[in-house]
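Please look over the fold below before reading on.

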Amino acid sequence: MRTKPKIQFDMGRNINRIKVVLVDKRKTNKWLAERLGVAASTVSKWCTNDAQPSLETLMQIAKLLEVKPDDLLRFDEV
């Protein structure tokens, strides 16, 4: 019997790709911060994985960057 892989979120690992997508779209942390109404330091923390955006914010980021939310996440299969 096959089981689905489990998705593990570990705050100590790189689980988002926001910085990669920002670079790909030629956008800056400041640009994203201004559109979301948050501090540039907050976006910087998301990009360095010192913090993670809420699911709602992640959806807003995906919309602004014109990507699917999945494109902003990195899943580690266990």
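In which helix is the place of A33? A33 sits in helix α2.

This is a predicted model, where local features need pLDDT of at least 70, side-chain atom pairs count only at pLDDT 80 or more, and totals for chains, interfaces and linings use all residues. Residues are numbered from 1 along each chain as its sequence is written, and side-chain values use heavy atoms, with hydrogens and water left out.

## Overall layout

The protein has four helices and two strands. Helices (H or I, at least four residues) and strands (E, at least two) are DSSP runs, numbered from the N terminus. The order from the N terminus is β-α-α-α-α-β. The protein has 78 residues, and 28% of them count as buried. Buried means under 20% relative accessible area, exposed means over 50%, and partly exposed lies in between (1.4 Å probe, protein chains only).

Contact means heavy atoms within 4.5 Å. Take the contacts between residues at least 6 apart in sequence: 64% of them join residues at least 24 apart.

## Helix α2

The buried residues of α2 are N29, W31, L32, A33 and L36. They pack against α1, α3 and α4. After α2 comes G37, with a positive phi near 75°.

A33 counts as buried because its relative accessibility is 3%. Leaving aside neighbours within four places in sequence, A33 is in contact with V38, A39, A40 and V43. A33 and I61 are 28 residues apart in sequence, and their C-alpha atoms are 9.8 Å apart in space.

N29 also belongs to α2. N29 counts as buried, at 17% relative accessibility. Not counting residues up to four places away in sequence, N29 touches K19, L22, V43, S44 and C47.

A40, one of the residues in contact with A33, is in helix α3. A40 is partly exposed, with a relative accessible area of 39%. A40 and T28 are 12 residues apart along the chain, with 9.4 Å between their C-alpha atoms.

## Helix α4

Which residues of α4 are buried? In this helix (residues 55-65), they are T57, L58, I61, A62 and L65. Seen down the axis of α4, these buried residues fall within an arc of 145°, so they line one face of the helix. The arc is that of the directions from the helix axis to the C-beta atoms. E56 and K63, on the other side of α4, are exposed.

The cover over the buried residues of α4 includes α1 (18-24), α2 (29-36) and α3 (40-47). T57 lies in α4 and counts as buried at 17% relative accessibility. Its contacts, leaving aside neighbours within four places in sequence, are L36 and W46. Just after α4, E66 takes a positive phi of about 55°.

## Where α2 meets α4

α2 and α4 pack at an angle of about 115°, with their axes 11 Å apart. Axes are lines fitted to C-alpha atoms, for helices over the stretch in contact, and angles run from 0 to 180 degrees between N-to-C directions. The crossing is right-handed. A crossing is left-handed if the near helix is turned anticlockwise from the far one by less than a right angle, and right-handed if clockwise.

From α2, the contact uses W31, L32, R35 and L36; from α4, it uses T57, Q60, I61, L64 and L65. By class, this contact has six nonpolar, two polar and one charged residues. Here Ala, Val, Leu, Ile, Met, Phe, Trp, Tyr, Cys and Pro count as nonpolar, Asp, Glu, Lys and Arg as charged, and the others, Gly among them, as polar.

## The salt bridge

How many salt bridges does a search of the whole structure find? The search finds one. A salt bridge is a side-chain nitrogen of Lys or Arg within 4 Å of a carboxyl oxygen of Asp or Glu. E34 pairs with R35 in a salt bridge, the closest N and O atoms being 3.7 Å apart. Side chains of opposite charge can pair when their charged atoms come close.

## Accessibility at a glance

| Residue | Relative accessibility | Class |
|---|---|---|
| A33 | 3% | buried |
| N29 | 17% | buried |
| T57 | 17% | buried |
| A40 | 39% | partly exposed |
| R35 | 45% | partly exposed |
| E34 | 51% | exposed |
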